[in-house]
Amino acid sequence: MQRLTSHYREESGQALIMVIFLVSVLTIMASILMDASLSSGKRSAAAVQSEASHAVAEAAIDDYLSKLLDDNQYFLHYVAPGESTRRSTTGVLVSPVNPPASATPWPSAYGRTWTYPSHDTWLPLGNGYAYNLQVQAPQTGTNLTNSVDIVATGAYCGTPCTTPSTRNRRVIEELVRPASVADFQMMANNSISYGNTATTNGKIYAGCTPLPACTTKYNVNHQGTANADIYAEGSVTGNPTLGKDPNGVTAKTYNSSNIRTVIKQPIDFTTFQSSLTDIQRAAQYAGGIYLNNPSVAAWWMTFKSDGTIDIKSCTGSSIELTSPSCGAATNYPAPGNGAIYAEQSVIIAGGSASCGSPSVIGSCVKGRMTVASNNDIVIGNNIDYVTSGTDTLGLIAKDDMIVAKWAPNNLNWRAATIAQSGSWYSATSDGSHGTMTFTGSTATYGGGYMDEFGTRYYNYDTTLSYLQPPWFPTIGAAYTVILYRELPAG
């Protein structure tokens, strides 16, 4: 009996030790799991704050852009709510009203250059977050003459909003400028359609007529991939796949319900006439090339790889159907101001140089130039640039932009083009030619077609997103992002 009792006590003691051990292990595991849970919760909360701060920074930039749409010189007129205190070049400090009741005037005497001593002003949004802005005006004498630099910082500040946290801040920079017609891969006062194999890399706009009533609103049907914004005064249909532009900005669609948030008024093609007038004056009185002879049917131009242009006068009728008879060529140096204007029609044709990629034989443009005609522009041969990314060619026809029937079977041409009051089309629609590859931008009042070619490729020239041809018209009530990036929070 004593042995049994002793054995029982021994087993009970061992069991108790085991229980104590298991309780200790469970306690340790519970502590580890609790720490892990708390740590995961903190990481999750930090991720939420970080993403929210990023959204706040983007909202700040969108709000500033809306101010620029109403006043394109806003940065010279006001210190915006949430903007850091500005220091003028003479040392004067101008701070926005805080809390903001309205924007604070920036006296014109303080100029267009300032600095920011610190991130000392924040605009609370009422949801526990706030943003700060720092803005730089366009600087003359640079490649970014028309560009406004906006840096926005989003941060968590709690409820009620106190000093914004230095943790989980997100900083975004956008460089923007007034939109140009050349920013658009296709702009038309007509409906536009792309099939499911199409990929568009430039902006698209379908307008409305007549103005200002805008009773007929045109649509964009896009069934492919759009890597830049789509705007329609009517509707955007086709459910396009939305990709990103070279700056990493995701494309968006805008229809009649929200287009006014970006383009304040329908684009009026008649305003492009002012650009024609500007080119005419620059060509005639400021060192450009001005051509005018009522007895001439058209001016034949060939761009040469040495930066000069061969120009000859031509006679004949229906020059888009039959190659005209032309005289001897006169060689002109490329005008320093980039302006070439003809009162009669212009033909871009000829050329024996090889340029571009893939290499083509035809006109090789060296420099930045815009050719404007008070009538039509006819394309009769290949066109490309000597140096991609540096050279640009603008073609503006008051009436029609036409590809000639006598153009080569396979045509490869590159330019930013406008048919201001007419159409953009081929001289025939019989499919008699092979392949046409167009790289550039198209603005056409009356729509168009290129059915002369059995196969047609339309590519946006991404160079135009940052380098437009001289004298090309801008769209005053819209802005284009030319740089988008996230900066370190410090």
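Let's start with Glu51, which is exposed, with a relative accessible area of 52%. Exposed here means over 50% relative accessible area, buried means under 20%, and partly exposed is in between, worked out with a 1.4 Å probe on protein chains only.

A quick word on what we're looking at. This is a predicted model, so to speak of local features we need pLDDT of at least 70, and side-chain atom pairs count only at pLDDT 80 or more, while totals for chains, interfaces and linings use all residues. Residues are numbered from 1 along each chain as its sequence is written, and side-chain values use heavy atoms, with hydrogens and water left out.

Back to Glu51. Which residue does Glu51 meet in a salt bridge? That's Arg170, at 3.6 Å from N to O. By salt bridge I mean a side-chain nitrogen of Lys or Arg within 4 Å of a carboxyl oxygen of Asp or Glu. Glu51 sits in helix H1 (residues 2-70) and Arg170 in strand S9 (residues 170-180), so this pair ties together parts that are 119 residues apart in sequence.

Glu173 is in S9 and Arg485 is in strand S41 (residues 474-487), 312 residues apart. These two form a salt bridge as well, with the closest N and O atoms 2.6 Å apart. Glu173 is buried at 7%, and Arg485 counts as partly exposed at 41%.

One more pair: Asp461 and Arg414, with a closest N to O distance of 2.9 Å. Asp461 is in the loop between strand S40 (453-460) and S41, and Arg414 is in strand S36, so parts 47 residues apart in sequence get tied together. Buried or exposed? Asp461 is buried, at 4%, and Arg414 is buried too, at 9%. Salt bridges that share partners also join Glu51, Arg170 and Glu486 into one network. How many salt bridges does a search of the whole structure find? Twelve.

A nonpolar core is a set of buried Ala, Val, Leu, Ile, Met, Phe, Trp, Tyr and Cys residues joined through side-chain atoms within 4.5 Å. The largest one has 34 residues, and the members touching the most others are Met301, Phe303, Ile348, Ile379, Leu393, Leu395 and Trp413. Strand S36, residues 411-419, gives the most to this core, with four residues. Pick Leu395 and look around: leaving aside neighbours within four places in sequence, its contacts include Ile348, Ile379, Trp413 and Phe472. A contact is heavy atoms within 4.5 Å. In soluble globular proteins, nonpolar side chains tend to be buried together.

On to the disulfides, meaning pairs of cysteine sulfur atoms within 2.5 Å. The whole structure has four, and with bonded cysteines counted along the chain, the pattern goes 1-2, 3-4, 5-6, 7-8. Take Cys208 and Cys214, with sulfurs 1.8 Å apart. The torsion about their S-S bond is about -110 degrees, so this disulfide is left-handed. Cys208 is buried at 1%, and so is Cys214 at 10%.

Then there's Cys314 with Cys326, sulfurs 2.0 Å apart. Here the torsion is about 100 degrees, so we call it right-handed. Cys314 is buried at 0%, whereas Cys326 is partly exposed at 26%. A disulfide also joins Cys355 to Cys364, S to S 2.3 Å; that link is left-handed, with -100 degrees about the S-S bond, and both cysteines are buried.

Last stop, Thr85. Where is Thr85 found? In the loop between strand S1 (78-79) and strand S2 (86-88). Thr85 is buried, at 5% relative accessible area. Its side chain makes a polar contact of 2.6 Å with the side chain of Ser95, and one of 2.6 Å with that of Asp120. A polar contact is a pair of N or O atoms within 3.5 Å; within protein, one must be able to donate a hydrogen and the other to accept it, and residues adjacent in sequence count only if both atoms are side-chain atoms. Not counting residues up to four places away in sequence, Thr85 also touches others, among them Leu93, Tyr116 and Pro117.

Methods. Helices (H or I, at least four residues) and strands (E, at least two) are DSSP runs, numbered from the N terminus.
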